[in-house]
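Visitor: I have a model to look through and some questions about it. Can you show it first?

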Amino acid sequence: MTGSSSPDSARSSRPPGSTRSTRRQFLVGAAAVTGVAAGAGCVTGRIGGAGSAAAGPTVALEPVAEGFTAPLAVEFAPGDDRPYVVDQTGYVDVVEDGERSRFLDVRDRLVSLSGYEERGLLGLAFHPEYESNGRVFVRYSAPRREGTPSNYSHTFVLAEFTADGESVDPGTERTVMELPQPQSNHNAGALVFGPDGSLYVATGDGGGSGDRGTGHVADWYETVSGGNGQDVTENLLGSVLRIDVDGEADGRNYAIPGDNPLVGREGLDEHYAWGFRNPWRMSFSGEDLLVADVGQNRFEEVSLVRAGGNYGWNVREGTHCYAADSCPTETPDGDPLVDPVVEYPHERDGETLGIAVVGGYVYEGSAVPALQDRYVFGDWRGGSGGRLYVADPAADGQWPMSSVSVAGQGAVLDSLLLSFGEDHDGELYLGTTKSATLSGDSGVVYRLASADGDGNPGAGDGETTDGTTASAGTDGDGSTTADDENGGSGNSGGSPGFGALAALAGLGLGSYGLGELSRRR
């Protein structure tokens with residue numbers, strides 16, 4: 001399957017960065033510098049340390065809505081200031097003054113869900129002209145459809161619905177794209193419209209440990225067998241895709257923007273960037289696309305993504321060689337493996353900094369001025385609960401990051417962190433839950449606020465629960481005690497997807513109701 005540019009699309013499909021702001025020029029320059037710096041010895045990212053930004057502020061969390069199971073996306077429709085909360089179990093609720101009403105329900109279309117899951121309803125995006133056309137796009141995990149092999153887990157579905165007033169009629173569904181998913185994990189799921197009007201779709205590498213096993217094709221890198229992330233010809237996994245949902249071409253319910261990087265070259269034209277493991281949430285800041293990618297079991301990363309960029313998995317995990325003492329910095333064709341702009345190890349000096357990154361936003365709100373123009377993100381679990389971090393895009397090279405404390409909770413949240421959201425005023429929201437399985441109603445959506453009423457840093461800024469500033473030196477390997485399904489450990493070890501089950505085996509999560517760990521990721 002090879003797509004082509006669409007004559008049916010009347011609008012120009014310009015990729016982010018073709019007209020660059022001063023800030024964009026700087027960020028791309030920083031990415032280019034780090035992209036060639038890895039080398040065989042690799043480079044270690046830092047939290048804090050010399051030359052880093054000041055410690056992050058203490059913030060407050062204001063409850064917006066509760067009673068969810070797993071609120072893994074918080075979105076805002078054009079012209080609407082109410083949050084739309086995506087619950088992984090298969091529905092979307094709109095929240096107004098703390099009250100919830102059902103907007104969309106696709107639970108009857110999902111694959112059967114139970115226990116710990118990385119499948120379900122995983123993404124939602126409103127068309128830029130939603131106010132006039134009511135078009136809504138969702139990403140969900142369906143039972144195997146025609147074309148999905150019988151030994152595969154499920155089918156990735158990107159579907160379009162039409163809203164009529166305050167809700168969506170499920171009967172309006174139109175399938176836009178289907179992708180066979182070989183295993184149950186590493187499904188990514190984020191959807192976002194870019195400033196160019198194109199829809200960007202994040203896909204994981206197909207699951208399993210090390211981008212290997214059922215459904216993983218052979219790639220150019222022989223040190224680690226298999227690798228959808230390094231292949232752009234056989235499938236659309238391990239990538240960020242870019243499609244035109246306002247056109248149709250070649251029998252598809254979408255068109256290919258004519259300036260996608262593989263148009264006219266070998267490879268599937270939907271690919272925009274590749275070399276990802278499990279990109280968990282992405283966002284635009286102006287024309288800058290920031291993608292957080294969950295690591296294997298040592299390092300987490302966030303990348304500034306450009307058209308045609310290769311972000312290294314499974315040759316590298318972050319800036320570090322994966323399952324090898326040395327590794328190339330470019331493909332056989334001479335394309336560089338681009339380094340992330342943010343990286344941190346899972347562990348340093350016995351402290352768990354995190355095990356699964358959660359992508360956020362460059363803060364453009366006014367409630368917490370100390371965060372202005374800084375990238376706010378977090379980790380699903382860094383200790384007994386989630387953690388919040390902030391990184392400074394104005395720094396040279398990799399962006400130094402600081403731990404953000406929460407008033408009344410410290411550096412570690414009292415819940416697991418699932419998602420971030422951004423409203424039209426640039427204010428940020430968090431989706432959290434106390435359960436690592438799809439059960440219960442402990443999910444809460446919060447709004448980020450100032451801890452002292454004026455947006456200034458409060459007591460305990462950037463401190464961990466033991467009063468020390470969180471920082472990662474360049475001498476730790478960040479390895480955990482997780483084992484993979486073959487009994488290995490260390491760099492080639494257990495495969496945390498989003499939930500990082502293997503890492504949890506060593507850390508424990510009894511208070512969150514994980515129960516018996518019956519599967520290793």
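Guide: Contact here means heavy atoms within 4.5 Å. This is a predicted model, where local features need pLDDT of at least 70, side-chain atom pairs count only at pLDDT 80 or more, and totals for chains, interfaces and linings use all residues. Residues are numbered from 1 along each chain as its sequence is written, and side-chain values use heavy atoms, with hydrogens and water left out.

Visitor: OK, what is Val138 in contact with, leaving aside neighbours within four places in sequence?

Guide: Leu104, Leu121, Gly123, Leu124, Val157, Leu158, Ala159, Phe161 and Leu191.

Visitor: Which residues touch the most other members of the largest nonpolar core?

Guide: Phe103, Val138, Phe377 and Leu388 do, in a core of 71 residues. A nonpolar core is a set of buried Ala, Val, Leu, Ile, Met, Phe, Trp, Tyr and Cys residues joined through side-chain atoms within 4.5 Å. Buried means under 20% relative accessible area, exposed over 50%, and partly exposed in between, with a 1.4 Å probe and protein chains only.

Visitor: New topic. What is the volume of the largest pocket?

Guide: About 760 Å³. A pocket is an open set of points on a 1 Å grid over the protein atoms alone, with protein on both sides within 12 Å along at least five of seven lines; a cavity is a set where a 1.4 Å probe fits but cannot get out, and lining residues have an atom within 4 Å of a point. Points are joined across faces, edges and corners, and a volume is the space filled by probe spheres set on them.

Visitor: Last one: which cysteines form a disulfide?

Guide: Cys321 and Cys327, with sulfur atoms 2.2 Å apart; the cut-off for a disulfide is a pair of cysteine sulfur atoms within 2.5 Å. The structure holds one disulfide.

Visitor: Are those two cysteines buried or exposed?

Guide: Both Cys321 and Cys327 are buried.

Visitor: Why is the disulfide called left-handed?

Guide: Because the torsion about the S-S bond of Cys321 and Cys327 is about -75°.
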